[in-house]
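Visitor: Please show me the structure, and then I will ask about it.
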Amino acid sequence: MITTIPPQTNEMSTVDALWVLIQSQTKAVQKALIQRILASQTSEKTKAQQKMVKESLTRAFDELHSGKVHHDARKLFAK
């Protein structure tokens, strides 16, 4: 009697596959990858902060030009 065994599906997540690849690299390559990841995160944070500042300034100038702001901005930080 011949029996068949159903094929096993060992699916690996993308993150796990990348982790295995990174672990198999030399220390120098691992260090370079870490530096690139950290640099890209810093870049994304910087872009987000720049976008927030741009939106804030745009809103402030729009309010200024529309006449909604009547106070003297120089007095905002006076003690």
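This is a predicted model: local features need pLDDT of at least 70, side-chain atom pairs count only at pLDDT 80 or more; totals for chains, interfaces and linings use all residues.

Guide: Residues are numbered from 1 along each chain as its sequence is written, and side-chain values use heavy atoms, with hydrogens and water left out.

Visitor: How many helices does the chain have?
Guide: Helices (H or I, at least four residues) and strands (E, at least two) are DSSP runs, numbered from the N terminus. The chain has zero strands, and its helices number two.

Visitor: How far apart are the end C-alpha atoms of helix 2?
Guide: Helix 2 covers residues 27-66, which is 40 residues. The expected span is 1.5 Å times one less than the number of residues, so helix 2 should span 58 Å. The model agrees, with the end C-alpha atoms apart by 58 Å.

Visitor: Is Gln30 buried or exposed?
Guide: Gln30 is in helix 2. Buried means under 20% relative accessible area, exposed over 50%, and partly exposed in between (1.4 Å probe, protein chains only). The relative accessible area of Gln30 is 17%, so Gln30 is buried.

Visitor: Which residues does Gln30 touch, not counting residues up to four places away in sequence?
Guide: Contact means heavy atoms within 4.5 Å. With residues up to four places away left out, Gln30 touches Ile22, Gln23 and Gln25.

Visitor: Is Val53 buried, partly exposed or exposed?
Guide: Val53 also belongs to helix 2. Its relative accessible area is 44%, so Val53 is partly exposed.
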